[in-house]
Amino acid sequence: MSTLDQIFKDSNIGYKVVGKDVILSVKESVQEPAQGKKAITGTVVDERGEPVIGANVVEKGTTNGTITDMDGRFTMEVGAKAVLVVSYIGFNAQDVAVGTKSNLTITLEEDTQALEEIVVVGYGTQKKVNLTGSVSALNEKDIEKLKVTQTSQLLAGMVSGINVTQGSGQPGADQSYVRIRGLGTFSSAGNTPLVLVDGLSSSLENVNANDIESISVLKDAASASIYGARAANGVILIKTKLGKTGKARVRYQGTFGFSRPADMPKFVDSWVYAEMYNEALRNGGGTPQYSEEELAKFRSGEDPDNYPNKRHYDDLVSSGSGFQTDHYVSLSGGTERNSYMLSFNYLNQQGIVAETDYERYNVALNMSSLITENLKVNVKFLGKKEDKNQPTAVNSNPAEGLEGLIDYSMKVPNTIPGKKSDGYYGNQTGFTIEGWMDSESFIKDNSVNSVINANVEWNILKDLKLTGMVGYDYLSSDNKKFRPTLVIDQYTKAAPSDLRVRNTRNSLLTLQSYLNYDLNIKKHNFHFLLGYSQESNKNNWLEAYRDNLPSNSLSEINAGAESNQQSSGSASEWALASFFGRINYAFMDRYLLELNARYDGSSRFPKDGRWGFFPSVSAGWIVSQEKFFNLDFINHLKLRASWGTLGNQNIGLYPYQQVITLGINAPFGVAESFWPGAAATVVPSTDITWESTAVMNVGVDVGLFDNRLTFGADYYIKKTSDILYNVTASKILGMTPSVQNAGVVMNRGIDLSIQHRNSIGDFSYSINANFSYVKNEVTELANVEKDIAGGLFLNYPLKSIYGYVTDGFFSSQEEIDNYATQPRTAKPGDLKLVDISGPDGVPDGVVNADYDRKIIGDQFPNFNFGLNVNAAYKNIDFLINTSGVAGMNRLIEGFQGNAFYWGSNPQKWMVEGRWTEDNHDATYPRMLVLGGGEQQFYTSTYRVVNASFFRINDIQVGYTLPSKWINRLMMENMRVYASVKNLATFDNYLDGWDPERTSKYPSVRSFIFGFNVTF
């Protein structure tokens, strides 16, 4: 008998040993309940459904109580009208009325005042209360609520200061991008933030959202300067889940559902097309093409081969099932010395277009082992395999893949049939959507990404720790595009077949070593960080092409003819070495100071300018901890200020070197035969240096009413200097000048966030709202005021739209004769371009490009906002996630905004709003057969459309099954839910078009059903 057995012998106290902890509980009584009492059982869990071990459960007003066991369960006898008081350290105590229930599931909420949230920062963690920089974070609880297939979607509407755009609804190719606090540069260095997964440079989509424990967004220089030359556009830190001490726990998450187009442009029927085409021909001085008899045949549908109403676009974007399924399973557990987490994920998405699909496999393994009392080893592995398939046009005119197919489905008129009864395809000069889809054409993208990360933590002394890490990221991707021969009709054949194959390999090796030291002297707390890092990247690719393959069923490169074969390839590498450090100081836990510095050396720059220094300083004052501060309803008030510099090294690989261009063939000899040659075509920039960004930030954090209401606000000024720009040079030079450091961009903005959470009996809720404003402008541009071709204008935002101002449409020839002369001969119903100015600075009666264009729009949003609501009543939970932008415009172009452009289909809004002799209050010009040079194609306010929108990204309803239903199945927790993604979008954009989409693939609305189980 053990000592504990002897201690509790002959008592009603039981115990369990968990690691070094002894958990006491009241032994279950085998006696019948006393008179007036009843036996109840229950389970206490946290907001994620995890059991709370050792929670106190006491009958209110009595000494009758117990504590929960290792599974969060308890059993006790209570009075008929009993109220239970359930409490545990770090959680809000909760009163629960028993009523008639005999089995209860009680969910405890985290006490935001008692728990000091830990936030991941560069090379470590900090308490949120002690942060002096501008950092936003999503924790595991936030992430698990948002069921997403692409990690970038987690940030949409959730974090202030971030613009997340999803450009397409295509599976595996949603064209998402993230921008933090505006646009900092117009060069090829780009505006993409640095993403680090467990300390290694990566991308958001390289990690499965289910495997993420936390995401931190570093928005100012104070928080990001520790990453120096790569942090100019902000930094996103992702930490993956680790194993947790305790018994093995298996989790399964499964979903299935389907997607349909959320909105579609509404094209007219074939007979309306024919009527409008006749009108367009008459307006252009031509003769109508379709007779009344032919119009009647289109309407009747009696001859679909010759007079069809074939809705090419509608049929194409509804030809796929849109079915999707997602399965995730994880196993975690461990002891105090060893822990593990292993997960697998499978995702399959079928597109709304046939033959379009995306398949992804993820695996993650995190293991930690305490080798000795002061030596710990952590090993992490992430693996991902992706397969993307899509059809492509056989002709070379459309863009490849779905983009070209969908684009041309808007172009090919509804008067052109699909597949006819004789087996041939209707076509418009060889363009046939149905024929392309029936062909064996394809584009296949396959990739495998493996990341291994191992680190050692050595606690040399109690307050001194050395961490060493090695990471290796290897990506192998293969692209294959096949265009077969296709017999379109008896006169037309697409040939020859061709095949293009491209293989790319990329590797990134990362080495890091850093020391952390904590020093506490009475009321003075110091933390020191000093480290070294180096990265080396290698990339190579090889491409081959052949045509005239012998069969459409044979798509291998060696089967093609050698006569027209092509091959190409290249390789590149770069390296980065860095020293970094940080000092944190806190006095009396209320006066805070932080210093960061990084010294980077990059192979992308010449030796004399290879190293750059990026410092930052920040300070904070927790006013609420001062003795003079006695406002009871404000329990936290912190003021912050910071300044620092950041860099951007993504300027290309060898801009300072004299690069020789290969493949320049030249004639030699008497026969003047062409021989392969090489030449210097670009003048190197030998003094090129970093694009540098200086950021000033001031902020305030407020917690009210026991932190049930929190508020954060930041104001910042971000100045990016030495932006790379191609300075114009005389053609006499004979070579293209390299880019120079010659531009400056300024961003000024405000980030606001507010959170409120509360519980009222069995009902709990939380509301999170955020709002951001940014003003962006080019303040220096070499020695010019505007670069129209580059879209750059001094003192105006990046992505500005430059063009003419319109004033409706001409209503008569008399008005035309008395109006400013237009660039093209105008007719009634044509756009009316305004004469703004002339050579003398005043209108001169002539509209021309030199004097009558101005900034008429901005394609990057000035405002971003989001609203997120979570609520729960007993076992039912509800979530709504929304986001939006304002102050953004888009240009309508091509088939989207022009009827009969190369014969394209008109949309209903064009027909209903067109100018006619009877409709001068028009929204669309008179109908014309367009070739692209007409006045309505000029960039003007007519083509600029307000692209602001508010979107309901996700609405979700879930139900957690009672413990008594699932315990007998050995389940700890089970939740079922239904979700609708992209439920609704509110905007004033073109009818049937999504203002956020930059792709022709329409936005989709997804209906998802899922369940989560923990064993």
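This is a predicted model: local features need pLDDT of at least 70, side-chain atom pairs count only at pLDDT 80 or more; totals for chains, interfaces and linings use all residues.

Visitor: Which residue in β7 is the bridge partner of Val 58?

Guide: In β7, the bridge partner of Val 58 is Val 85.

Visitor: Which strands stand at the edges of the sheet?

Guide: The open sheet has 4 strands in the order β5-β4-β7-β8, with antiparallel pairing. Two of its strands have a single partner each, so one side of each is left without a neighbour in the sheet. Neighbouring strands here are turned by 20° against each other on average, direction ignored. The strands at the edges are β5 (65-67) and β8 (94-97).

Visitor: Now to a helix. How far apart are the end C-alpha atoms of α4?

Guide: Helix α4 covers residues 270-283, which makes 14 residues. At 1.5 Å a residue, the helix should span 20 Å. The model agrees with that, as the end C-alpha atoms are 20 Å apart.

Visitor: Is α4 largely enclosed or left open, and what do its buried residues pack against?

Guide: Buried here means under 20% relative accessible area. In α4, 10 of the 14 residues are buried, so the helix is largely enclosed by the rest of the structure. Among them are Tyr 273, Met 276, Tyr 277 and Leu 281. The buried residues of α4 pack against α5 (292-300) and α11 (908-913).

Visitor: Which residue just after α4 takes a positive phi?

Guide: Most residues other than glycine have a negative phi. The residue just after α4 has a phi of about 85°, and it is Gly 285.

Visitor: What is the phi of Asp 722, and is this residue buried or partly exposed?

Guide: Asp 722 sits in strand β40 (residues 709-725). Although Asp 722 is not a glycine, its phi is positive, at about 60°. With a relative accessible area of 32%, Asp 722 is partly exposed.

Visitor: Where does Lys 874 lie?

Guide: Lys 874 also has a positive phi, near 55°, in a residue other than glycine. Its relative accessible area is 48%, so Lys 874 is partly exposed. Lys 874 lies in the loop between β50 (863-873) and β51 (876-886).

Visitor: Which residues does a cis peptide bond join?

Guide: Most peptide bonds are trans. In the loop between β27 (493-494) and β28 (498-521) lies Pro 496. Omega is about -5° at the cis bond, which joins Ala 495 and Pro 496.

Terms used. Residues are numbered from 1 along each chain as its sequence is written. Side-chain values use heavy atoms; hydrogens and water are left out. The expected span of a helix is 1.5 Å times one less than its number of residues. Buried means under 20% relative accessible area, exposed over 50%, partly exposed in between (1.4 Å probe, protein chains only). Contact means heavy atoms within 4.5 Å. Two strands pair if DSSP finds at least two bridges between them. Axes are lines fitted to C-alpha atoms, for helices over the stretch in contact, and angles run from 0 to 180 degrees between N-to-C directions.
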